[in-house]
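Trainee: I am new to this structure. Please take me through one part of it closely, the part that the UniProt record marks, and then go on to what surrounds that part.

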Amino acid sequence: ITSVAVLTSGGDSPGMNAAIRGVVRTALSYGITVFGIHRGFTGLLQNDMELLSSASVSNIVQRGGTFLKSARCPEFHDPACRKQAAKILHTRNIEALLVIGGDGSLTGAHLLEEETGIPVIGLPGTIDNDIFGTEDTIGFDTAMNTALDAIDRIRDTADSHERHFLVEVMGRNSGFLATHVGIAAGAEMILVPEYSVNIAEIALQLATSRKAGTGSSGIIVVAEGNEPDLTSKIAHELQQHGLAPHISILGHIQRGGRPSGHDRVLASCLGAVAIEYLLAGYSDIMVGVSNGEVVDIPLDDLIRYRKGLDPELLKIALQLHK
Ligand code: F6P
């Protein structure tokens, strides 16, 4: 392999820059030419890319977002567009593609390989940590800590004013981020899409502990992927019980910011290992982490299986409530 391209796709996540740097510097060390594609698959379809040097990736390891830019690309669902993408790569003599993104982006990468034979290697880049086969994703640790920082601040006000706060965190359809954030924030309750909730029961429980003097304030972490409007429904129910809850939606604040040391190391290692796997002849795989070790996972598995939330983890979270 003498020439590869790298792109970041889908929602940006802190550490994507470090992953690009890992890919670029490792590939260059083997004398491989690297193209950086702008704005994910959208840029690929527009043949919008630049040649990357070692200097192109200087001074980016500490930056959030992705300097190559990212986009969601619905057109890539169309096989004709994937064929067009392969043609562009062939025209430029690019022999393999590295895709850094979430499960939608990695599905696109898999289909590109399957239909056109272009070797692809995926790297898990998402704050949601919802990708099957890997226990960690680039950006998850930073997003968790960003959410925690926000909740710790909210807690000061909740405590001072004896209020309850419903804090909505990202995670798309998965409660992974919410569960981790909830445990680390000492939340009084964690509501995730994987487990249905009884709104009336929740409200009663919070109102009872307030009356008993054991819960004059509280943080309820709500995953965004719950049933529509769950947060406002709970707030309404709490009002019926005489509580005046506040809603705080953390939103995109969780996506940006300087990557944590953990995410920088993870991203750098996965970037480097992705090139090693490619040179060893692997394709149609994602590099991920299992039992603390870097592993390869067939991209096909990402489509077939869903990463489940560890019920033990949620049990622990619930046991730790006062
Ligand atoms: O996948 C990352 C993520 O931030 C999810 O947690 C969230 O549901 C989604 O992306 C938001 O996407 P967008 O920034 O395109 O609105």
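Mentor: What follows begins with the annotated positions and then turns to the packing of helices.

The model is a predicted one. In the UniProt record, an unreviewed entry, the annotation "active site" covers Asp-128. Asp-128 sits in the loop that runs between strand S5 (120-124) and helix H5 (140-160). Is Asp-128 buried or exposed? Asp-128 counts as buried, because 27 C-beta neighbours lie inside 10 Å, and the cut-off for buried is 20 or more. If residues up to four places away in sequence are left out, Asp-128 touches Gly-102, Met-170, Gly-171, Arg-172, Ser-174, Phe-176 and Leu-177.

Some of these names return in a second annotation. For "binding site", the unreviewed UniProt entry lists Thr-126, Ile-127, Asp-128, Arg-163, Met-170, Gly-171, Arg-172, Glu-224, His-252, Ile-253, Gln-254 and Arg-255. These positions span 130 residues in sequence, and the farthest two C-alpha atoms are 32.5 Å apart, so the positions do not all gather at one spot.

Thr-126 is placed in the loop between S5 and H5. Thr-126 has 30 C-beta neighbours inside 10 Å and therefore counts as buried. Apart from neighbours within four places in sequence, Thr-126 is in contact with Gly-10, Gly-11, Ser-13, Gly-102, Ile-131, Thr-137 and Gly-139. His-252 belongs to the loop between strand S9 (246-249) and helix H9 (261-279). His-252 is exposed, because 10 other C-beta atoms lie within 10 Å, and a residue with 12 or fewer counts as exposed.

The loop that holds His-252 also holds Gly-256, which lies between S9 and H9. Gly-256 counts as partly exposed because it has 17 C-beta neighbours inside 10 Å. Gly-256 and Gly-15 are 241 residues apart in sequence, and their C-alpha atoms are 9.8 Å apart in space. With residues up to four places away in sequence not counted, Gly-256 touches Pro-14, Gly-64 and Gly-65.

The crossing of H1 and H9 is right-handed. On the H1 side, the residues that meet H9 are Ala-18, Ala-19, Ile-20, Arg-21, Gly-22, Val-23, Thr-26 and Ala-27. On the H9 side they are Arg-264, Ala-267, Ser-268, Cys-269, Leu-270, Gly-271, Ala-272, Ala-274 and Ile-275. The residues of this contact divide into 11 nonpolar, four polar and two charged.

Asp-103 is part of helix H4. Asp-103 counts as buried because 24 C-beta neighbours lie inside 10 Å. The residues that Asp-103 touches, not counting those up to four places away in sequence, are Asp-130, Ile-131 and Leu-302. Ile-131 is also in contact with Thr-126.

H4 (residues 103-116) has a helix partner in H3 (residues 79-91): their axes come within 10 Å and cross at roughly 75°. That angle makes H3 roughly perpendicular to H4. Pro-79, Arg-82, Lys-83, Ala-85 and Ala-86 of H3 make the contact with Leu-111, Leu-112, Glu-115 and Thr-116 of H4. By type, the residues of this contact are five nonpolar, one polar and three charged.

The last pair leads back to Asp-128. Phe-176 and Leu-177 are among the residues that Asp-128 touches, and helix H6 covers residues 176-185. H6 packs with helix H11 (residues 311-319) at an angle of about 30°, and the axes are 10 Å apart. That makes H6 roughly parallel to H11. The crossing of H6 and H11 is left-handed. In this contact, Thr-179, Gly-182 and Ile-183 of H6 meet Leu-313, Leu-314 and Ala-317 of H11. The residues here divide into four nonpolar, two polar and no charged.

Terms used
Residues numbered from 1 in each chain as written. Predicted model: local features only at pLDDT ≥ 70, side-chain atom pairs only at ≥ 80, totals over all residues. UniProt positions renumbered as here; feature names shortened; annotations may be inferred. Helix = DSSP H or I, 4+ residues; strand = E, 2+ residues; numbered from the N terminus. Contact = placed C-beta atoms within 7 Å. Axes fitted to C-alpha atoms, helices over the stretch in contact; angles between N-to-C directions. Parallel < 35°, antiparallel > 145°, perpendicular 65-115°, else oblique. Left-handed = near helix turned anticlockwise from the far one by under 90°. Nonpolar A, V, L, I, M, F, W, Y, C, P; charged D, E, K, R; others polar.
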